[in-house]
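Have a look at the sequence and the structure first.

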Amino acid sequence: MSSRTLDLKGLVRDEEALVNCIQDFAGFGDDVKVKEVMWVSDFRPNMRMVNKFGVGRIFVAGDAAHVHSPAGGQGMNSSVQDAFNIAWEIALVYKGLSPASLLDTYTTERLPVIAEMLGFTADLHDRTFGQSSVEHTARSTVDEDGNSKQGESKLECGMRRSGKMYMLGVNYRTSPIVIDELVPTPTLGAAAVRNAYGDSQEGVLQAGDRAPDAPGLIPVPSPSLAPAKSIHMFDIFGSTRHTVIIFVPALAVPVLRSVLAILDQDVPKELVKKSGRASRFYLRTRRPCRRVF
């Protein structure tokens, strides 16, 4: 419970006034009676973050790297994303499959995301908990025809959540290990930070974005194989490996053969897992893809 008009410290010392305030604040009316308050405490959200996610051999993630208001429910998923981001990088460097400079991308990728997350969760906190008792009440308004209608209170507006809360728009477009030859790479700065937590938009993708699912994929069989059932792109992806997806109009395109040859030559054999024959690539039955990621 929060308010800019009530003496909250005084309510803590006056249990009867506190019970009445809770009764009114929650809108219980006469149907529910609050008899006793067992525990009262003062909650103040901490909002801070590190300026680097790693120095040398030391890395921080989750609550060690950032704390913020619980408004929006972004804490756990953000922490999991931190750990997931640094885990595969450490694994490759430890195995000698990548230079140590790969670890620097942990800060480059996660810092803009967390900075933007702290910004809008702080705003959500203010809009949700920083209201006076009057502002919690919805007000009636009159439309153009003179009809009265119930409007939203400021608290109700503060409780509304945008699509970015799903975290499907979190991206690493500015990462030095991400290359998009079709879209100019944005420079690090305010604009880049604001877009790091961007809303997921259907049909608008760039390198560094989360790869969306694609249903209705059909394995292209050889003449001796029976037609296979359609699958999803998420059936192909795996959290413990990198997945290379090549978009080509046909299997016999020279570029395809060239890419496969380079992968066979440069990637250690023990790290490559092939599913079935090399000819089992996937076509989409719906709208064709227009970009290569």
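Predicted model: local features only at pLDDT ≥ 70, side-chain atom pairs only at ≥ 80, totals over all residues.

**Exercise 1: a ring pair**

Work out how the rings of Phe53 and Tyr106 are arranged towards each other.

Solution. Start with the general idea: a pair of aromatic rings is described by the distance of the centres and the angle of the planes. For Phe53 and Tyr106, the centres are 5.3 Å apart and the planes are at 80 degrees. Angles over 60 degrees count as edge-to-face, so that's what this pair is. Next, find the two partners in the chain: Phe53 is in the loop between strand 1 and strand 2 (54-55), while Tyr106 is in helix 4 (residues 105-129). They're 53 residues apart, so the pair links distant parts of the chain. Finally, check the cover: Phe53 has 1% relative accessibility and counts as buried, and Tyr106, at 1%, is buried too. Ring pairs also join Phe53 and Tyr106 with Phe59 in a cluster.

**Exercise 2: another pair**

Classify the ring pair of Phe234 and Phe237.

Solution. The ring centres lie 6.2 Å apart, with the planes at 45 degrees, so call this pair tilted. Now the surface: Phe234 has a relative accessible area of 38%, which makes it partly exposed. Phe237 is partly exposed as well, at 27%.

Methods:
Residues numbered from 1 in each chain as written. Heavy atoms only, no water. Phe/Tyr/Trp six-rings, centres within 6.5 Å; stacked < 30°, edge-to-face > 60°. Helix = DSSP H or I, 4+ residues; strand = E, 2+ residues; numbered from the N terminus. Buried < 20%, exposed > 50% of the residue type's maximum accessible area, 1.4 Å probe, protein only.
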